[in-house]
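Please look over the structure below before reading on. The paragraphs after it are meant for someone meeting it for the first time.

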Amino acid sequence: MFSSDDGWQYRLVVDGTFADGARREVDLSPWFEVTVTAAGGRDQELPRNQEAMRALAAFVCTRVNKGRDPATRLIEVDVADWAWPRARGRRLAFDEVPVSALRKTVWIRRYACEALP
Amino acid sequence: VIPVRGLLSPFRTSLSRLEGALHREIPVEPIAVYRAGVGLLIFLEACTWLGHTRELFSCDGFRLPGCALPTLSAAGALVLSAALVVAALGLALGLFTRWANACVLVLFTILVEEDGIDQKAIHSILIVVLTLLLFTPSGAALSLDALRKRGKETRTHGAFVCRLIQLEFAQVYFFAGLTKMTNASWVSGDVLFHVLSGRWATPLGIWISGWLSPLAARTGALGTILYELFAPVLLFIPCVRPWVITAGVLFHLGIQGTLSIGFLGPHFLLALLVLFPEPEAVRSVLEWMLRFRQHEKMDHQ
């Protein structure tokens, strides 16, 4: 229990590319409503490995495209972590962190949604 | 032959003492209080799950690959969660205690495995404890079962399973301490700083991380490691046990105040205060509390 901690705050994000050319972050909150920690929902607690990240990408594709007009379908997704060093004495929100302090780790690049059965 | 016998005699004495401690008859009250407390904690936890069963346990929510169990439908997840709430309430109240205990064990294990994402040490500890609790007469006191069978229930039981539950808590402390000890960042106090400013930290934890000096952090970290390494042994030594329990209570109150860790703290506090003191002392305190309540009632009348 709490045997290690690297002092960095992580935020898992899924960025989607849509059939109409739009590219934006996919809001995961409709499927991850339960808040687990001050950092957010259960999506933030996912194990950071290829298997889990690939499963998340597939899940997001299926859920977003369910009953959606083909013209606005999600075509591909990227799964990545933004990380920044925590501040002592206060909780830094993602928006407050200077861009220079952010570090990005890409887990899945351009996962093709249309490859799904 | 005679000198060899002489050499073996202290060993035999220790062995017979250990056997006595493992198998002696102890009052049922401590394990009954523990059962009621664990039942209540699981009941409260399961109630918080009820509104989110679709996301947490059903195929509609995100499932991690590799779950050994078949995925549940939304209705199935709701039914199992509701059944867990009822069974946990039964366990807390001591109604058909052994059946309630078995149902809680099975349902809790299934649901924790189904969730996968939010599995913690707290859950595996509970699964072990619920399994051991099945082999105790935990419904023989402070239960609706005891009220139904008034006078026919046993007042004592063999200590062996209780000792196993104690050992479960002891090994959790020990291995938690061992893991921390082998991490240089824990020993230096860095991890304590990070944890107090991390995503599990409460506002109090965050506030403390703002002014805690490196020396205090290192002292706190070393204190944590030493407690976790030595408490598992010292808790079994009667002359120091009250001090170790007191330190443990303060330790867990501190953790609970600074980190959002659910019912881990209350569970360990319950175990420290009920399972580790002399069982006869726990019974005496309970009897005193019951007498006190009766006096109060009479005074009101």
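This is a predicted model: local features need pLDDT of at least 70, side-chain atom pairs count only at pLDDT 80 or more; totals for chains, interfaces and linings use all residues.

What follows goes from the chains themselves to their interface, and then to some individual residues.

The mean pLDDT of chain A is 89, with 97% of its residues reaching 70 or more. Within chain A, confidence is highest in strand β5 (residues 74–85), where the mean is 95, and lowest in strand β4 (residues 40–41), where the mean is 82.

Chain B has 301 residues, of which 46% count as buried, and its secondary structure consists of 15 helices and 2 strands. The C-alpha trace of chain B spans about 70 × 55 × 55 Å along its principal axes. When contacts in chain B between residues at least 6 apart in sequence are considered, 75% of them join residues at least 24 apart.

The two chains meet in an interface to which chain B contributes 35 residues and chain A contributes 32 residues. Together they bury about 3,000 Å², and 62% of that area lies on carbon and sulfur atoms. On the side of chain B, the residues B:E55, B:F62 and B:R199 supply 25% of the area that this chain buries against chain A, more than any other three residues. Across the interface, 11 residue pairs are in polar contact. Helices α3 (53–57), α8 (160–181), α10 (190–196) and α11 (203–211) of chain B each supply at least two residues of the side that touches chain A, and the residues of that side divide into 19 nonpolar, 10 polar and 6 charged.

Which kinds of side-chain pairing link the chains? Three salt bridges are a part of the answer, for the rule finds 3 salt bridges across the interface of chain B and chain A. Side chains of opposite charge can pair when their charged atoms come close. In one salt bridge the side chain of B:E55 meets that of A:R42, at 3.1 Å from N to O. In another, the side chains of A:E45 and B:R199 meet at 2.9 Å, N to O. Because A:E45 lies in the loop between β4 and α1 (50–65) of chain A while B:R199 lies in the loop between α10 and α11 of chain B, this pair joins two chains. A:E45 counts as buried, at 13% relative accessibility, whereas B:R199 counts as partly exposed, at 27%.

Over all chains, a search of the whole structure finds 18 salt bridges. Inside chain A, the side chains of A:E25 and A:R11 form one of them, at 3.0 Å from N to O. A:E25 lies in strand β2 (residues 23–25) and A:R11 in strand β1 (residues 8–18), so this pair ties together parts of chain A that are 14 residues apart in sequence. Inside chain B, the side chains of B:R24 and B:E280 meet in a salt bridge of 2.9 Å, N to O. B:R24 lies in the loop between α1 (2–23) and β1 (25–27) and B:E280 in helix α15, so the two tie together parts of chain B that are 256 residues apart in sequence. Salt bridges that share partners join B:R24, B:R241, B:E278 and B:E280 into one network.

Helix α15 (residues 279–300) of chain B also holds B:R283, which is buried, with a relative accessible area of 17%. Not counting residues up to four places away in sequence, B:R283 touches B:P27, B:V28, B:E29 and B:R155.

In chain A, strand β5 contains A:D81, which counts as buried at 2% relative accessibility. The side chain of A:D81 makes a polar contact with the side chain of A:R48 at 2.6 Å, and another with the side chain of A:W107 at 3.0 Å.

Two loop residues of chain B deserve a look at their backbone. Most residues other than glycine have a negative phi. B:F96, in the loop between α4 (74–93) and α5 (97–115) of chain B, has a positive phi of about 45 degrees although it is not a glycine. B:L142, in the loop between α6 (121–133) and α7 (144–148) of chain B, likewise is not a glycine and has a positive phi, of about 50 degrees. B:F96 is partly exposed, with a relative accessible area of 48%, and B:L142 is partly exposed, with a relative accessible area of 40%.

How values were computed:
Residues are numbered from 1 along each chain as its sequence is written. Chains are lettered from A and ligands numbered from 1 in the order in which they are written. Side-chain values use heavy atoms; hydrogens and water are left out. Contact means heavy atoms within 4.5 Å. Buried area is the accessible area (1.4 Å probe) that two parts lose on being put together, summed over both. A salt bridge is a side-chain nitrogen of Lys or Arg within 4 Å of a carboxyl oxygen of Asp or Glu. A polar contact is a pair of N or O atoms within 3.5 Å; within protein, one must be able to donate a hydrogen and the other to accept it, and residues adjacent in sequence count only if both atoms are side-chain atoms. Helices (H or I, at least four residues) and strands (E, at least two) are DSSP runs, numbered from the N terminus. Ala, Val, Leu, Ile, Met, Phe, Trp, Tyr, Cys and Pro count as nonpolar, Asp, Glu, Lys and Arg as charged, and the others, Gly among them, as polar. pLDDT is the predictor's confidence in each residue, from 0 to 100. Buried means under 20% relative accessible area, exposed over 50%, partly exposed in between (1.4 Å probe, protein chains only).
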